[in-house]
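The definitions are given where each term is first needed.

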Amino acid sequence: MKLDKLLSQHKNVLIKRWFDEVVRTYPVDTASFLKQQKDPFANPVGNTTLKGLEALFDVLITGMDREAVNSFLDPIIRIRALQDFTPSHATSFILFLKQAIRETLVKEFHDPDVITAFMNFESRIDDLCLMAFDIYVKCREKIYQLQANEMRNTTFSAFQRAGLVKDVPDEDVPGLRLLTPPKNGICNV
Amino acid sequence: MSDFPKPDQLLSDIDRKPPQMDWMDTPVTIRKGMYCYAANPKSVEYTHLPFPHQWNPLDEDWKLPENWQEILHEGFKVRLERFRSFKLFMDICVRCGACADKCHFFIGTGDPKNMPVLRAELLRSVYRNDFTAAGKILGRLAGARPLTMEVLKELWYYFFQCTECRRCSIFCPYGIDTAEITMMARELFNLIGLNIDWIATPVANCYRTGNHLGIQPHAFKDMLEFFMDDLEEITGVRVEPNFNKKGADILFITPSGDVFADPGTYTCMGYLLLFHYLKEEYGLDVTWSTYASEGGNFGSFTSHEMMKRLNSKMYAEAKRLGVKWILGGECGHMWRVINQYMDTMNGPADFLEEPVSPITGTKFENAKSTKMVHLSEFTADLIKHGKLNLDPSRNDNLILTYHDSCNPARGMGMFDEPRYVIQNVANNFYDMPPNTIREQTFCCGSGSGLNAGENMELRLTGGLPRANAVKYVHEKYGVNMLATICAIDRAALPTLMDYWVPGVGVTGVTEMVANALILPGEGERTTNLRGEPLPGMEDE
């Protein structure tokens with residue numbers, strides 16, 4: 001309880017430190033733009049990131065509703081999944097919060113209750129990081145799917161209009177039955 | 001066990017922060033997903049461009065001619081002498097930074113070399129080294145560097161991360177048009193066979209058969225006939241367009257993307273329906289051409305000569321058919337070429353008449369010299385004079401916003417006409433925030449020949465600022481349809497929406513017009529042009 005109170009008291013400082021660390025994953029000129037430009041339409045990356053971190057910070061204190069967490073994490077990861085980051089680089093920013101708390105609340109760590117609570121809190125941050133990785137993978141899969149869809153649509157629609165695509169019932173396709181896994185999992189072939 | 005790294009070593013491998021060094025020392029890494037495949041040598045050969053060859057941007061060796069530096073130096077020199085604007089753009093930038101954060105690719109990728117000022121500086125540094133006294137004497141101190149292979153790779157990588165959208169140029173106090181710097185850089189690449197295939201092959205196709213996909217005249221006509229069948233099913237009316245009709249009043253030219261790629265095909269069906277209506281009601285005599293079957297001009301991403309060549313066939317066809325003037329469809333860079341370059345390249349088109357709408361009598365003064373009128377202008381004029389019988393409620397299932405396509409917006413100043421049309425054919429329209437529309441519109445991220453599949457990461461990051469504004473009106477007003485007047489937009493934006501704002505579709509403006517248009521003698525319409533039920537007809 002004491003830790004929650006401390007975190008709430010230092011919320012602004014902690015979020016600022018966390019955000020600063022996240023933008024430092026970008027080149028220095030980019031980082032200053034991401035911090036300075038406040039217009040959400042001129043600077044979607046900086047604003048989406050800051051808004052997301054603020055919401056995630058609250059969620060970490062109040063409790064983790066998976067859907068809510070996803071809705072805050074997704075917009076940040078969706079961007080970083082495209083940018084020039086390795087998977088670890090794209091998702092590890094969640095862990096930067098640990099360091100921000102350690103540095104900000106260093107004087108409070110003589111209290112064993114705070115230390116125990118902080119260890120639990122760190123586990124929540126770890127969980128968040130794992131969720132971030134799940135979202136990252138989904139975003140990457142989406143990118144590949146979009147590429148495949150575009151390729152398919154380009155040729156398929158043209159062929160379809162030209163009357164070159166014909167629906168054939170499954171039973172008329174020789175060998176298709178053999179390729180379809182049986183429902184009971186036992187292959188009779 | 002001793003082979004395993006210690007925890008500290010493991011962590012040090014996760015490099016969180018990028019290297020802090022001067023841009024000249026930051027090496028270029030060509031990343032998959034950010035570049036387009038190299039041009040097919042056959043396409044380069046077909047248009048007689050120099051050094052067609054097989055190469056791969058990821059390879060160390062780009063298989064260039066031995067004297068490639070000399071070729072580029074000479075090419076640079078010729079262009080500085082030929083284009084005063086290019087020389088000025090190389091000299092007058094004071095690096096004030098006004099453009100730096102205005103590029104959608106910088107905003108989306110976060111890569112400083114995508115700041116327009118720095119992207120241009122990549123080339124300026126070579127200019128200083130080769131053509132200025134200060135650069136020759138002081139070298140790096142004066143911001144100069146020699147054109148090495150590494151530098152060439154950097155130039156190639158970043159000048160194919162610019163869509164020539166010109167958003168940066170409107171913020172430049174000197175009016176430097178970065179798009180024209182990109183055009184020059186790409187001209188230089190073409191001197192040593194370094195085009196990308198998404199440009200080179202459409203150019204070759206367009207030069208040979210008249211359109212990007214290389215569809216031959218009979219197949220082009222077949223496609224339009226499929227649309228005629230669909231339209232008959234939807235409206236009960238058989239439209240009968242003219243093809244290659246000599247002596248028609250007006251020649252209609254649109255990008256071939258409208259004929260072959262969804263959802264542009266619905267826009268194309270819209271054109272057919274609109275022209276049918278105007279023929280029945282007012283006797284308008286429009287013809288399509290199966291030879292000038294492409295409005296898009298990928299030549300403009302290759303060289304001035306290629307742009308001129310491809311543009312000229314539109315006018316040659318207008319001359320052959322003996323039409324009075326040309327009406328142009330919903331295209332992007334076709335309009336930039338017409339509005340900014342055509343007149344001095346192939347114009348003035350004296351053999352055509354100054355465009356006057358035969359229905360309203362309106363003179364299109366702005367097209368006095370090019371003799372080519374934009375369909376949105378033409379349609380807005382018809383609506384203004386009450387010449388179209390419209391039922392906007394047929395679009396009531398849609399909540400629309402409008403994406404100003406870069407070229408018609410910044411390249412010809414067309415902002416109000418498409419909005420006027422949309423607001424007369426649909427009841428629900430909301431604009432996106434002011435700093436993302438009209439002259440400040442954000443690019444789709446796929447223009448200037450970058451709408452390939454292999455550079456998906458580039459397209460999606462470049463499209464982020466546009467998608468971010470769409471997301472805002474989607475969440476605030478429930479916007480579910482993004483209207484636009486460019487074929488590249490119609491091809492690229494559905495994918496962009498799918499990634500960033502699922503639930504928002506993409507349409508051309510004329511598709512909306514055709515949905516609302518009440519045709520003489522039509523049957524009861526139960527679906528829109530996409531075959532989806534009209535509002536209130538869900539149970540039919």
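1. Two strands are taken to pair if DSSP finds at least two bridges between them. Helices (H or I, at least four residues) and strands (E, at least two) are DSSP runs, numbered from the N terminus.

2. The model is predicted: local features need pLDDT of at least 70 and side-chain atom pairs count only at pLDDT 80 or more, while totals for chains, interfaces and linings use all residues. Residues are numbered from 1 along each chain as its sequence is written, and chains are lettered from A and ligands numbered from 1 in the order in which they are written.

3. In chain B, an open sheet is formed by 3 strands in the order β6-β7-β8, with parallel pairing. Its edge strands, β6 (400-403) and β8 (505-508) of chain B, each pair on one side only. On average, neighbouring strands of the sheet are turned by 35° against each other, direction ignored.

4. Strand β7 (residues 481-484) of chain B runs parallel to β8(B) and is joined to it by 4 bridges. B:L482 has B:V506 of β8(B) as its bridge partner.

5. Helix α8 (residues 149-159) and helix α9 (residues 178-191), both of chain B, pack at an angle of about 125°, and their axes are 10 Å apart. Axes are lines fitted to C-alpha atoms, for helices over the stretch in contact, and angles run from 0 to 180 degrees between N-to-C directions. α8(B) and α9(B) are therefore oblique to each other; angles under 35 degrees count as roughly parallel, over 145 as roughly antiparallel, 65 to 115 as roughly perpendicular and the rest as oblique.

6. From α8(B), the residues making the contact are B:L155, B:W156 and B:F159, and from α9(B) they are B:T182, B:A185, B:R186 and B:F189. Residues are in contact if their C-beta atoms, placed from the backbone, lie within 7 Å. By class, this contact of α8(B) with α9(B) has 5 nonpolar, 1 polar and 1 charged residues. Ala, Val, Leu, Ile, Met, Phe, Trp, Tyr, Cys and Pro count as nonpolar, Asp, Glu, Lys and Arg as charged, and the others, Gly among them, as polar.

7. The contact between the chains takes 32 residues from chain B and 33 residues from chain A. On the side of chain B that touches chain A, at least two residues each come from α5 (104-109), α11 (217-235), α19 (456-462), α20 (464-477) and α21 (487-500) of chain B. By class, that side of chain B has 15 nonpolar, 9 polar and 8 charged residues.

8. Chain A has 9 helices and 0 strands. In chain A, residues 24 or more positions apart account for 70% of the contacts with a separation of 6 or more.

Methods. Contact = placed C-beta atoms within 7 Å.
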